[in-house]
Amino acid sequence: DLNYDINIKELSALENITKQKLNGPFATKGSHKCNQELALVNGTTSLASSDTSYDVQLVDFKPSNILLNMKNAKIEELLNIVNQPIYANGNLDINADIKNADISSLDGIVTTKISNGILNAKIINKELKQNPETPISFSANTNTKLIPNMATTKVDFDSSIAKLNIKEASVNLKTSLINTDYSLFVKDLSKLETLINQKYNGSFSTNGKASVDNG
């Protein structure tokens, strides 16, 4: 039965442990109660300038129940933490209620919301070796249902250049097979010039299904 207060000044110093380069500080505090069979961990963190709380139940040292509520995490700070270019700015909310975290008996719901999103066209076009730097605003909502060996997700993505709706994307967590539907609508093709370096006019829509298996 203990209380903890962890303050890591620079995550990159732990690369030998994390096996991946991470950046920036990390702090969290909370309480931990356990015996040989059951452990209860609950705490808070301001990761990526967020207001985040978590409750984790471990059975035989393996995660079982997980509750996570993250509000207003800064996307640009999250990208920096995982050592990625700052492709976007914005706010991210995550709410997870996982009643069983074991893959073979998975049970839970995870929702996410992105607001005030801005794609950094300058960095994206640098990666694509193109020149336009017009910013692209976006927002998104996802709802993911977790069932044994599977995750099914609904996506509503809206931006200043296009809308993308996915009614059900199913991911087999053991085989990585993905099956999804999609519906894409571009109201003004001329706005795509920023990404494709070619100007077109008019609108465009398409819908269908896609499958990804082993690359």
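**Reading the strands and contacts of a predicted model**

Me: In which sense do strand β6 (residues 88-100) and strand β7 (residues 107-119) pair, and over how many bridges?

Reply: Strands β6 and β7 run antiparallel, with 11 bridges between them. Two strands count as a pair if DSSP finds at least two bridges between them. Strands are DSSP runs of E with at least two residues, helices are runs of H or I with at least four, and both are numbered from the N terminus. The model is predicted: local features need pLDDT of at least 70 and side-chain atom pairs count only at pLDDT 80 or more, while totals for chains, interfaces and linings use all residues. Residues are numbered from 1 along each chain as its sequence is written, and side-chain values use heavy atoms, with hydrogens and water left out.

Me: Which residue of β7 is the bridge partner of I94, and how many residues does the hairpin between β6 and β7 pass through?

Reply: The partner of I94 is T112. The hairpin from β6 to β7 goes through 6 residues.

Me: Which strand pairs with β7 over 10 bridges?

Reply: That strand is β8 (residues 136-147), and the pairing is antiparallel.

Me: Is N91 buried or exposed, and why?

Reply: The scale is relative accessible area: buried is under 20%, exposed is over 50%, and partly exposed lies in between (1.4 Å probe, protein chains only). N91, a residue of β6, counts as buried because its relative accessibility is 13%.

Me: What does N91 touch?

Reply: Contact means heavy atoms within 4.5 Å. Not counting residues up to four places away in sequence, N91 touches N72, A73, K74, I75, K113, I114, S115 and N116. With K74, the side chain of N91 also makes a polar contact of 3.0 Å. A polar contact is a pair of N or O atoms within 3.5 Å; within protein, one must be able to donate a hydrogen and the other to accept it, and residues adjacent in sequence count only if both atoms are side-chain atoms.

Me: Where is L119, and which residues is L119 in contact with?

Reply: L119 is in β7. At 23% relative accessibility, L119 is partly exposed. Leaving aside neighbours within four places in sequence, its contacts are Y87, A88, I124, P135, I136 and F138. The C-alpha atom of L119 is separated by 25 Å from that of Q20, 99 residues away along the chain.

Me: How many salt bridges does a search of the whole structure find?

Reply: The search finds 1 salt bridge, where the term means a side-chain nitrogen of Lys or Arg within 4 Å of a carboxyl oxygen of Asp or Glu. D97 and K99 form it, with their closest N and O atoms 3.6 Å apart. D97 is partly exposed at 30% relative accessibility, and K99 is partly exposed at 47%.

Me: Where is T175, and how far is T175 from L195?

Reply: T175 sits in the loop between β10 (163-172) and β11 (178-186). With a relative accessibility of 48%, T175 counts as partly exposed. T175 and L195 are 20 residues apart in sequence, and their C-alpha atoms are 33 Å apart.

Me: What are the figures for the chain as a whole?

Reply: The chain has 4 helices and 12 strands. Its C-alpha trace spans about 65 × 40 × 30 Å along the principal axes. Of the 215 residues, 27% count as buried. Among contacts with a separation of 6 or more, 38% are between residues 24 or more positions apart.
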